[in-house]
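Work through the exercises below with the sequence and the model side by side. Try each task before reading its solution.

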Amino acid sequence: MTTFQTSRTSVEIDSQPDTWRRAAASVASFSAALPRRGERVAVVGCGTSWFMAHAYAELREAGGHGETDAFAASEFPHGRSYDRILAITRSGTTTEVLDLLTRMKGSVATGAITADPATPVMAAADAVAVLDFADEQSVVQTRFATTVLALLRAHLEAEDALPAGVRPLAQAAQDAERAVAEPLDPEVRGAEQFTFLGAGWTYGLALEAGLKMREAAGAWTEAYPAMEYRHGPISITGPGRAVWLFGEAPQGLADDIARVGGLYAAGSGDESGALDPLADLIRAQRLAVHLAEARGYDPDRPRNLTRSVILEDSGV
């Protein structure tokens, strides 16, 4: 088996409690880039950033801050009217995001959240929140993505628009400390297939967990809304296969998983001692690194991926 030194990805994963707290402390300084109460907002991104956009859109609407939609940047509906577009782009160079911001500039307010202040997004958006303290050397996103969502959660909390049942960010950061320290379940580490589930804002986390496992480890993963699990996806569950739920479990779900011989890997929800779902995503990130290394892959150099997708002749 190939042996790796501690990966950059692992170091970045372990730093998340600190970057979340720094994001929360920075909310006021980034207000120009963030949505105002009552605005109709579209949040866009690509890959991981799109999934964070999905989670935030669900949180914002559920908290009564304003109507919010999330789109892959390439799928933005140009015939629809919004008060603001908020783009999430770690690199600040992603072609589809820059094309959209350039096309919309002057017709609608635009904001962006990025990790690098020396990139084209600084000119493409009207206002930019730079989370340079959460930037990453790794190709696979971990701490930047969760720190963006931590910032947006902290903003909703400051605006008294955090949905009922969602923990304050200070508590989520405490849970993140547990998530980076507690050992991973050996049964989960040994599973051959993973189905990630979530509901509302945690469905975005389920999508991201599945993507992280595929990117880093080439693992067989799927992701669905929790209530959709019985409508087909349960058919692939069985011995040696895990179902990982972010958030509160639908009634009877654990029994259904047990009935077909699957492993129920719930680490978040409302139960005493359960992690905040965003902190639980850290466990999935750690599992992705573990599986990558167990399979002889370097998590810092995932196959077929680059840090940013930059296309030539995009047509805008």
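Predicted model: local features only at pLDDT ≥ 70, side-chain atom pairs only at ≥ 80, totals over all residues.

Residues are numbered from 1 along each chain as its sequence is written, and side-chain values use heavy atoms, with hydrogens and water left out.

**Exercise 1. Ring pairs**

Task: Classify the pair F76 and Y82, then the pair W244 and F246.

Solution. 
Step 1. Rings of Phe, Tyr and Trp (its six-membered ring) pair if their centres lie within 6.5 Å; planes under 30 degrees apart count as stacked, over 60 as edge-to-face and the rest as tilted.
Step 2. Take the total. There are eight aromatic pairs in the structure.
Step 3. Look at F76 and Y82. Their ring centres are 5.9 Å apart and the planes meet at 45 degrees, so this pair is tilted.
Step 4. Turn to W244 and F246. This pair is stacked, at 6.1 Å centre to centre with 25 degrees between the planes.
Step 5. F194, F196, W244 and F246 are linked by ring pairs into a cluster.

**Exercise 2. Surroundings of the rings**

Task: Decide whether F76 and Y82 are buried or exposed, and find which charged end sits over the ring of Y82.

Solution. 
Step 1. Set the classes. Buried means under 20% relative accessible area, exposed over 50%, partly exposed in between (1.4 Å probe, protein chains only).
Step 2. Apply them. F76 has 6% relative accessibility, so F76 is buried. Y82 has 9%, so Y82 is buried too.
Step 3. W244 and F246 are both buried.
Step 4. Find the charge. The charged end of R40 sits over the ring of Y82, 4.7 Å from its centre. The rule asks for NZ of Lys or CZ of Arg within 6 Å of the ring centre and within 35 degrees of the ring normal.

**Exercise 3. Strands**

Task: Trace the open sheet of four strands, then describe how strand 1 is covered.

Solution. 
Step 1. Define the elements. Helices (H or I, at least four residues) and strands (E, at least two) are DSSP runs, numbered from the N terminus. Two strands pair if DSSP finds at least two bridges between them.
Step 2. Read the order. The open sheet runs 7-6-8-9, with parallel pairing.
Step 3. Find the edges. Strand 7 (221-225) and strand 9 (263-264) each have a single partner strand, so one side of each lacks a neighbour in the sheet.
Step 4. Examine the pairing inside. Strand 6 (residues 193-198) and strand 8 (residues 241-246) run parallel, joined by six bridges. Here F196 stands opposite W244.
Step 5. Move to strand 1 (residues 41-45). Five of its five residues are buried.
Step 6. Five bridges join strand 1 to strand 2 (residues 68-72), and the two run parallel. V43 stands opposite A70.

**Exercise 4. Cavity and pocket**

Task: State what lines the largest cavity and the second largest pocket.

Solution. 
Step 1. Define the spaces. On a 1 Å grid over the protein atoms alone, a cavity is a set of points where a 1.4 Å probe fits but cannot get out, and a pocket is an open set with protein on both sides within 12 Å along at least five of seven lines; lining residues have an atom within 4 Å of a point. Grid points are joined across faces, edges and corners, and a volume is the space filled by probe spheres set on the points.
Step 2. Size the cavity. One cavity reaches 30 Å³ or more. The largest cavity holds about 50 Å³.
Step 3. List its lining. T9, I13, V140, T142, K212, A216, Q285, A288, V289 and P299 line the largest cavity. Helix 11 gives the most, with three residues.
Step 4. Take the pocket. The second largest pocket holds about 350 Å³. Its lining has 20 residues, with G165, V166, W201, T202 and E248 nearest its centre. Helix 3 gives the most to this lining, with three residues.
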